[in-house]
Amino acid sequence: MPTRKESLALIAAALALPQCSGGSGRGPASAVRVGSKNFTEDITIAEIYAAALENAKIPVERHMNLGSTQIAMAALQRGDIDLYPEYTGTALIDVLHMPPMRTRPQIYGTVKQAFEKRFNLTLLTPSPMNDSQGLCVSQAVAQKYNLRTLSQCAKLAPQLRLATIAEFLTRADALPGLQQFYGGFHFSSARTYEIGLQYEALLRGDADVATAFTTDSQIGTDNLLVLQDDRHFWPEYNVAPVARMSSLKTHPQIAAVLNRVSPLLTDSVVRQLNYQVNVQHTDPADAAQQFLKEHAV
Amino acid sequence: MKHLPQIGGLTLQHLALVGAGLGIALVIAVPLGVFTARTPRYGAPVFGLAGVVYAIPSLALLAVAVKYLGLGFWPVVLVLAAYAQFILIRNIAAAIAGVPAAQIDAAKGLGLSAWQRFARVEIPLAAPALLGALRLTTVALIAIATLGGYVGAGGLGSEIFFGLQRQYVEETLAGSIPAAVLAILADAFFRTLERTALKRTGEA
Amino acid sequence: MRYPGADRNAVDGVTLDIAGGSFTVLLGPSGCGKSTLLRTVNALVKPQSGRVTIDGSDVAAADGTQLRRGIGYVIQAIGLFSHMTVGENIAVVPSLLHWDRARTAERVDELLGLTGLAPDRYRNRYPRELSGGEQQRVGVARAIAAEPRVLLMDEPFGAVDAILRADLQDEMLRIVQSLKTTVVFVTHDVDEALRLADRIVVMREGRVEQYDTPLDILTKPSTRFVAQLLGTDDTLRRLSLMRAADAAVASESTSAETIDAGASLRDALNRLLGGVTRLSVVRDGAPIGSLGLEEIRKALQ
């Protein structure tokens with residue numbers, strides 16, 4: 001007959017079983033656990049972080065596809081993961097519940113300081129890429145109206161037709177906010193499309209301006225122009241590794257490795273990665289490897 | 001298709017999530033359902049509470065679960081058990097309350113103890129309705145357990161959500177077809193049990 | 001004995017002494033407390049004050065579950081367990097008492113026979129396959145399966161039609177007489193009470209109006225309520241409870257028309273109104289007297 005202790009251990013083993021068979025069980029104790037949220041851009045960037053660490057001979061354990069910012073943050077705060085790619089704008093607004101700020105250093109500094117003080121988390125070097133909302137036009141329209149910036153667009157709007165995703169029309173940080181902040185922006189028409197299809201409307205000539213997320217791969221493949229947010233209405237959504245300060249202490253090399261990678265992630269690079277993963281269905285891990293090889297990291 | 005070999009394992013994980021979620025859900029819902037059947041004035045608050053829990057968006061509930069239980073198997077099981085309450089408590093209460101009063105009175109009068117009345121009279125007579133509740137809950141949980149893909153608990157959700165993200169139809173189907181098949185099989189399984197139980201208890 | 005929210009006690013100030021082996025009927029309009037009183041006997045209802053004793057021991061002191069296994073219980077709604085066969089239903093109490101299998105099976109068949117249901121045909125049927133009358137026979141069989149000291153019946157025949165009810169009542173009497181069980185029987189049906197009872201308890205608003213033999217209740221109602229309830233001025237009903245022997249007077253003259261000493265005066269009256277002027281009352285073939293309309297009139301006074 002097993003002793004009490006043994007039987008307890010047996011139960012614990014049985015309980016742990018489903019996790020092990022999931023292939024996401026704990027690796028070696030020293031592994032860096034890299035997480036990601038549940039959309040392909042975040043997953044791909046997390047794979048780049050993971051592969052870069054592995055190339056630097058740091059063992060990695062992957063916890064990809066965490067369902068939301070709240071889940072990823074909860075896992076990070078508990079120490080179930082050591083780091084994951086987060087967007088500065090998201091951290092500011094959705095995690096810290098602070099009012100939107102306009103400039104990149106302002107946002108980054110605020111978030112980093114608050115995270116360190118409140119959560120014992122920190123942000124490493126941010127990437128230049130900015131996955132924000134935006135408006136884009138075809139090169140032809142840009143030329144025809146000499147359109148480059150949102151200020152110009154605000155004035156020209158009555159001559160322009162908008163192709164939009166539904167929520168853009170109602171969200172305070174979308175069209176209503178733009179109208180208030182820039183003035184104008186009263187488009188001659190606004191038709192709503194499923195996400196992604198607004199680009200097709202633009203290409204077919206059914207619209208002159210389309211809503212966009214600024215790292216959508218279509219912007220690159222369709223040679224579209226994202227209008228410059230010249231008065232900084234939208235906060236910046238620069239991606240940066242958010243990490244446990246204690247993990248950075250245990251693995252001092254993490255910061256050095258990731259700070260070499262982050263500057264490489266520009267809008268066009270990330271659009272290209274999104275294209276590979278979303279359109280060509282390249283596995284994010286393969287796309288990450290490929291990227292690191294190209295940039296000799 | 002390169003995902004095919006994983007599907008078996010993911011399906012098993014999925015079943016483990018649903019099984020554990022349902023098991024824990026029953027441990028909570030059976031006493032609550034029986035309690036509200038016996039004291040109907042507590043029905044409204046208990047059902048109300050279960051409804052409030054049910055109305056919490058799944059990702060928000062999952063985030064809270066991760067906060068306390070970490071990533072992996074258990075937060076998903078907790079969320080499944082929590083959502084199941086809404087269907088289970090109400091239906092268990094209705095099933096128990098639906099047992100003809102005359103048979104309960106007769107059981108009491110013949111000298112069956114409270115536990116014997118419950119086990120030998122109420123449960124068998126409520127069985128078809130109880131199995132119906134179990135069927136609805138299982139099918140719902142099979143769908144909800146796809147959340148497992150969001151906290152590293154595995155299951156078929158990993159395939160579905162990743163595929164959806166990339167508009168990658170094959171990957172999405174590789175996850176959703178087994179999930180649908182599981183749901184259909186579970187439904188058929190419980191329907192068969194229900195029919196058998198109904199044949200036995202058919203109204204006197 | 002008061003239910004929550006009621007403005008009077010459901011049963012109040014009742015003192016009854018029920019003889020072992022007797023058939024006692026609790027009679028009264030609905031809401032008079034007769035069912036409540038019945039349910040105090042097997043402790044399904046616990047009085048706020050007062051005691052119920054069986055063979056001298058207080059039922060409140062006994063374990064309710066154990067107590068009820070020794071007391072048969074039949075209700076109007078029958079309450080056969082619909083997921084069990086007839087045989088399993090009857091075997092419920094024996095199995096609770098851990099009778100062995102063979103003894104239980106034997107008892108089930110015995111009871112089916114006793115209640116007029118062929119064991120081979122009925123043993124393995126489900127209640128839903130039975131008629132209302134058959135179901136109530138099984139209900140009775142289930143209640144008496146473990147030979148209870150006391151049998152409580154709460155309007156058991158209330159839901160069956162009048163003709164079937166008479167049959168069931170006859171069988172009931174036959175079964176009960178063979179068992180020598182003490183029966184307490186609730187009904188609001190005066191004829192049923194008169195037919196079955198050794199003693200009748202007439203109840204009204206939780207109190208006992210009268211506790212007597214059927215004949216005494218009919219002939220000497222103690223209150224207006226009892227008289228009205230029983231329709232004591234209902235001559236035919238009274239006559240049906242009196243025997244020819246009770247009214248017969250000794251006489252030399254013999255009539256060709258005879259009536260048995262045990263026949264009711266109602267039957268006698270029928271004959272007399274049918275053209276016969278006088279009837280010889282005979283017992284075992286031997287004349288013990290005679291009666292005519294005048295004697296019947298006297299018997300009614």
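Chains A and C don't touch here: their nearest C-alpha atoms sit 34 Å apart. "In contact" has a set meaning, namely that the C-beta atoms of two residues, placed from the backbone, lie within 7 Å. This is a predicted model, where local features need pLDDT of at least 70 and side-chain atom pairs count only at pLDDT 80 or more, while totals for chains, interfaces and linings use all residues. Residues are numbered from 1 along each chain as its sequence is written, with chains lettered from A and ligands numbered from 1 in the order in which they are written.

**Where A meets B**
- Of the 2 pairs of chains in contact, A and B share the most contacts.
- On the chain B side, 27 residues are in contact with 22 residues of chain A.
- Helices H1 (4-38), H3 (58-69) and H7 (157-165) of chain B each bring at least two residues to the side that touches chain A, and H3(B) gives the most, with 6 residues.
- That side of chain B has 15 nonpolar, 10 polar and 2 charged residues. Here Ala, Val, Leu, Ile, Met, Phe, Trp, Tyr, Cys and Pro count as nonpolar, Asp, Glu, Lys and Arg as charged, and the others, Gly among them, as polar.

**Chain A on its own**
- Chain A has 14 helices and 10 strands (DSSP runs numbered from the N terminus: H or I of at least four residues for helices, E of at least two for strands).
- Its C-alpha atoms fill a box of roughly 85 × 40 × 40 Å along the principal axes.
- Of the 297 residues in chain A, 45% count as buried, meaning 20 or more other C-beta atoms, placed from the backbone, lie within 10 Å of the residue's own.
- Among contacts in chain A with a separation of 6 or more, 76% join residues 24 or more positions apart.

Methods:
Buried ≥ 20, exposed ≤ 12 C-beta atoms within 10 Å, placed from the backbone.
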